[in-house]
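Let's take a look around a protein chain together. Keep the viewer open and follow along as we go.

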Amino acid sequence: DILYESSSAVLKRSNSKKGVFRGLHKQNAPAEQVKIIRIISGRIIDLVADPDDGDEIIWYTELSSVDGWVKIDSNLAHGFYALEDVVFEYFCDGAYNESLEKVYRVDGIIKEALGLNPFYLSEKDSKGNPFGKLVKKYIRN
């Protein structure tokens with residue numbers, strides 16, 4: 001559900017069932033987006049990667065409603081895996097442009113590294129560019 005939208009920003013509320021994987025997605029220039037997300041209910045494994053990093057590291061951390069707002073910089077591709085049924089909000093600073101969106105396919109390495117099951121992937125995400133050589137845990141300050 002769109003809670004707020006202008007020509008340069010959007011605030012949405014969304015939900016996903018346990019086992020749903022979304023991402024990794026990134027908007028390229030000139031339509032870069034800074035994202036700020038928060039979990040309303042449920043838990044996710046939040047994933048980010050820098051597509052320009054030749055080491056192809058995918059960073060992950062678990063997020064729940066106690067974590068508050070989390071910023072995702074515009075240079076990072078972002079996605080998540082729903083550990084439980086989840087409701088979350090996200091604010092995107094920058095207008096969405098489908099033609100400038102890049103999708104990176106990381107489901108194989110994520111499933112293997114983190115032992116995630118069940119695992120539901122959208123058609124859009126199954127057609128992404130292969131990415132990822134290493135999966136590392138990110139500790140939030």
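Before we start, one term: a polar contact is a pair of N or O atoms within 3.5 Å, where, within protein, one must be able to donate a hydrogen and the other to accept it. Also keep in mind that this is a predicted model.

Now find Glu89, which sits in strand S9 (residues 86-93). Is Glu89 buried or exposed? Its relative accessible area is 5%, and buried means under 20%, so Glu89 is buried.

| Side chains joined | Polar contact |
|---|---|
| Glu89 and Arg13 | 2.7 Å |
| Glu89 and Arg38 | 2.7 Å |

If you skip the neighbours within four places in sequence, Glu89 is in contact with Leu3, Lys12, Arg13, Ile36, Ile37, Arg38, Ile40 and Trp69.

Next, hop over to Leu114 in helix H1 (residues 107-114). Leu114 has 22% relative accessibility, so it counts as partly exposed. Which residues does Leu114 touch, not counting those up to four places away in sequence? They are Ile45, Tyr60 and Val135. Arg13, the partner of Glu89 in the table, is 101 residues from Leu114 along the chain, and the C-alpha atoms of Leu114 and Arg13 are separated by 27 Å.

Searching the whole structure turns up 1 cavity of 30 Å³ or more. The largest cavity holds about 40 Å³ of space. Its lining has 2 nonpolar, 4 polar and 3 charged residues; among them are Lys26, Gln33, Ile72, Asp73 and His78.

Key: Residues are numbered from 1 along each chain as its sequence is written. This is a predicted model: local features need pLDDT of at least 70, side-chain atom pairs count only at pLDDT 80 or more; totals for chains, interfaces and linings use all residues. Side-chain values use heavy atoms; hydrogens and water are left out. On a 1 Å grid over the protein atoms alone, a cavity is a set of points where a 1.4 Å probe fits but cannot get out, and a pocket is an open set with protein on both sides within 12 Å along at least five of seven lines; lining residues have an atom within 4 Å of a point. Grid points are joined across faces, edges and corners, and a volume is the space filled by probe spheres set on the points. Ala, Val, Leu, Ile, Met, Phe, Trp, Tyr, Cys and Pro count as nonpolar, Asp, Glu, Lys and Arg as charged, and the others, Gly among them, as polar. Helices (H or I, at least four residues) and strands (E, at least two) are DSSP runs, numbered from the N terminus. Buried means under 20% relative accessible area, exposed over 50%, partly exposed in between (1.4 Å probe, protein chains only). Contact means heavy atoms within 4.5 Å.
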